[in-house]
Amino acid sequence: MVNDENNNYYGTVSFGTPPQQFKVMFDTGSAILWVPSSKCYFSLACWNHNTYKSGDSSTYEEDGEDMGITYEKGEISGFVSRDTFRIGEIEVKNQTFGEATCLSRVPFWRAKYDGVLGLSFRAISISGSLPPVDNMIAQGLLNQPIFSIYLNRDRNSKDGGEIMFGDINEDLVYKETLSPININNIAFWRFNMEGITINNQTVKSICYQGCPAMADTGTSVIVGPADEVLEIFKLIGADVDDGVGLMDCKKIPSLPPITFVVDEKSYTLEAEDYVLQAVHHGKTVCAAGFFPQSEYLWILGDVFLGKFYTVYNVSNRTIAFGKLKI
């Protein structure tokens with residue numbers, strides 16, 4: 001995978017015969033696979049990205065049903081098609097996907113990827129069709145009904161991490177630390193979180209006595225209920241500016257660890273994990289990797305997932321966070 005400034009992770013796939021290549025962002029928070037269509041005429045985001053040309057593919061199958069998806073930021077719409085889909089050495093025949101004919105300018109015009117590969121469940125796929133991973137399983141292409149993700153948080157590295165379908169990379173994870181967590185939602189990688197501690201101390205105003213959470217590679221930070229995130233900002237000394245918790249970079253070594261408790265196991269982020277650093281006009285700027293929202297749900301995005309090796313079991317509907325070897 002390629003790491004785009006710790007904002008999103010993408011890689012190369014192809015559609016059709018002969019193959020047409022695209023860069024897609026890997027998103028466990030959605031279940032629709034889509035790329036821009038050559039029939040996208042009026043969206044600026046299609047002008048500077050690769051577009052799928054159905055007429056150039058001998059394995060294309062027409063469907064034509066309308067489709068669309070709204071993300072936290074941005075939306076797309078278009079119609080449904082089917083074709084051969086390839087990722088790595090895996091070739092999935094007759095894969096349903098979306099040809100996007102309308103893309104919102106934000107965020108897609110500036111995006112370094114062309115489309116999105118949704119990795120969530122069939123309940124939110126296109127008209128209940130099989131998402132790519134389910135299709136891989138149905139066609140007997142995987143050793144196990146799983147996919148595994150490692151996100152490299154070093155923005156300067158050429159290696160952005162990896163996604164592996166059907167197996168676990170034991171060179172990257174201590175396998176004995178992988179404890180399956182049951183998913184309690186038909187659509188998303190969502191589970192119960194028992195609590196969040198700051199410096200090993202329970203805070204009654206933050207996920208006290210449990211709260212819902214989901215793992216989402218399509219979200220770059222950790223998103224939580226507004227009051228609870230603002231309390232975290234207060235406890236770590238962040239100054240709030242339009243929802244962003246600005247930090248004094250010099251204080252990073254003294255900041256407390258933040259621990260997420262799931263199934264009586266602790267998953268801890270140190271300050272260097274949850275404080276984001278960027279250079280702006282020649283000056284290093286720091287911000288806490290949390291963002292407030294109006295909903296009660298906690299979204300554990302890349303700031304959290306980058307600390308662990310994550311295994312998603314599609315058939316058993318479990319997720320596991322393992323300790324990285326690197």
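Trainee: How much space lies in the second largest pocket?

Mentor: About 420 Å³. Keep in mind that this is a predicted model, where local features need pLDDT of at least 70, side-chain atom pairs count only at pLDDT 80 or more, and totals for chains, interfaces and linings use all residues. Residues are numbered from 1 along each chain as its sequence is written, and side-chain values use heavy atoms, with hydrogens and water left out.

Trainee: What is a pocket, and what is its volume?

Mentor: Rolling a probe the size of a water molecule over the atoms shows where empty space is left. On a 1 Å grid over the protein atoms alone, a pocket is an open set of points where a 1.4 Å probe fits, with protein on both sides within 12 Å along at least five of seven lines; lining residues have an atom within 4 Å of a point. Points are joined across faces, edges and corners, and the volume is the space filled by probe spheres set on them.

Trainee: How do I read a pair of aromatic rings?

Mentor: Such a pair is described by the distance of the centres and the angle of the planes. Rings of Phe, Tyr and Trp (its six-membered ring) pair if their centres lie within 6.5 Å; planes under 30 degrees apart count as stacked, over 60 as edge-to-face and the rest as tilted. The count here comes to 22 aromatic pairs. In one of them, Phe15 and Tyr52 are edge-to-face, 6.2 Å centre to centre with 65° between the planes. Phe15 is in strand S2 (residues 8-15) and Tyr52 in the loop between helix H1 (44-47) and S5, 37 residues apart.

Trainee: Are Phe15 and Tyr52 buried or exposed?

Mentor: Both are buried, which is under 20% relative accessible area with a 1.4 Å probe and protein chains only (exposed is over 50%, partly exposed in between). Phe15 and Tyr52 also belong to one aromatic cluster with Phe22, Tyr60, Phe85 and Phe97.

Conventions. Helices (H or I, at least four residues) and strands (E, at least two) are DSSP runs, numbered from the N terminus.
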